[in-house]
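Subject: Handing over a structure

Hello,

I am passing a structure on to you, together with some notes on what turned up in it. Please have a look at it first, and then read on.

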Amino acid sequence: MRRIYFDYNATAPLRPVARDAVIRALDAGNPSSVHSEGRAARALVENARVAIARALGTPADRVVFVSGATEAAATALRPRAGERLLIGAGEHACVQAGHSFSAGDVATVGLDPQGRLDLGDLRARLAEAPDRRPILALQAANNETGAVQPVAEAAEIVHAAGGIVVCDAVQAFSRIPCSFAATGADVLFLSSHKLGGPKGTGALAYLRRDLMPEKALIRGGGQERSFRGGTENVAANAGFAAALTEAEARREAESARLGQLRDYLQAGLLEIAPETAIFADEAARTANTLAFAVPGLAAETLVAAFDVEGVALSSGSACSSGKVSPSHVLAAMGVAPDVAGSALRVSLGWGSTQEEGMRFLEIFAKVHERMRRRLRT
Ligand code: PLP
């Protein structure tokens, strides 16, 4: 029986268009070389950059290729004089641990019980230091719950306070509109592998030139117009752009299709196990994400049980699974630690089907019954 891959928020399987683009570009030359081979490679990189810039709505020379979202966050979140960093409590570890502000210059902005940034708390944090320039790091959608964040509203508040918004659009791009115009953000970053491109590449994009860093994080041969040293990953960038172009073209249709599948799964879970808690279900969520907990059943045990049955899903965020620590996102939403310890995440994507959804519910019923029986004995 074919395995069911329901862990797109950890990484999406490579889209066939991306695979083709990668393979076609694997033999490319060095984009910095002036000969024909170099120029052909340069064209691949620049065409990819144009595609990404167009999707985000900024000029191509404001898009920098990086190795992924983690490098993007580390690059964008370096302090300049007078700045103070505000971090949404649900941000990914690459933001929470990857910035280089000193501890005294950082404040956390809380979430509401549905996993959305608390705008009242944002105003309170801003009022603490009116003389500092606020930099708000806020994701467009959360990787664990799918909760869509009020980026545009937050940006209005932060802009009025003279600050800027750095937006992690990793989980939102291909699921909701993520351009600069749609989000109101000043800086956006993306990761290729989350939208069906190859791993190891991503984009850091700026709305305005003056926001671009004075110094590269990785210095070297002056590549990326001196914003990021190192020979460009030509094949990965070509694959990234191919995946992004397809994801954006299919965004609305895919979201409608996956939203129906997600709702079908949610209804099925509640029918089989009425005690199931669904997280962020009163918030707008990305259509592909379903975070839930069956109280009393340990998430790590369930993940292993599903794996044996041929289903790949995740407990909390994949980047932190392996460490069995409770999710900081659920904690910030006020979820009790024992419930958070049972949290699972199903995340769907371009290859997910209704037939997989039906099989998943059959497997869930089986695993749930088995676990409950074990608990009773
Ligand atoms: N931001 C979010 C919301 C994520 O979900 C992830 C990966 O899980 C990252 C950032 C890190 O992305 P990358 O693997 O490209 O460094």
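A word on terms before the findings: a cavity here is a set of grid points where a 1.4 Å probe fits but cannot get out, and its volume is the space filled by probe spheres set on those points. Please keep in mind that this is a predicted model.

Searching the whole structure gave four cavities of 30 Å³ or more. The largest cavity holds about 150 Å³ of space. It is lined by 19 residues, and those closest to its centre are Arg15, Ser174, Arg175, Leu258 and Trp350.

Where does the lining of the largest cavity come from? Domain 1 (4–12 + 251–376) and domain 2 (16–249) each supply at least three residues. Helix H9 (residues 251–272) gives the largest share, with four residues.

Now to the ligand. Its surroundings consist of 13 residues, and Thr70, Asp168, Gln171, Ser191 and Lys194 are the closest.

Which side chains place a polar atom by an oxygen atom of the ligand?

- Lys194, with a polar side-chain atom 2.5 Å from a ligand oxygen
- His193, where the distance from a polar side-chain atom to a ligand oxygen is 3.1 Å
- His92, whose side chain has an N or O atom 3.3 Å from an oxygen of the ligand

On its own, the ligand has 400 Å² of accessible area, and the protein covers 89% of that.

I hope this helps you find your way around. Do write back with any questions.

Best wishes

Key: Residues numbered from 1 in each chain as written. Predicted model: local features only at pLDDT ≥ 70, side-chain atom pairs only at ≥ 80, totals over all residues. Heavy atoms only, no water. 1 Å grid on protein atoms, 1.4 Å probe; cavity = no way out; pocket = protein on both sides within 12 Å on 5 of 7 lines; lining within 4 Å. Helix = DSSP H or I, 4+ residues; strand = E, 2+ residues; numbered from the N terminus. Domains from an automatic or database assignment. Near = heavy atom within 4 Å. Polar contact = N/O pair within 3.5 Å; in protein donor to acceptor, adjacent residues only side chain to side chain. Areas by Shrake-Rupley, 256 points an atom, 1.4 Å probe, with all protein chains shown as cover.
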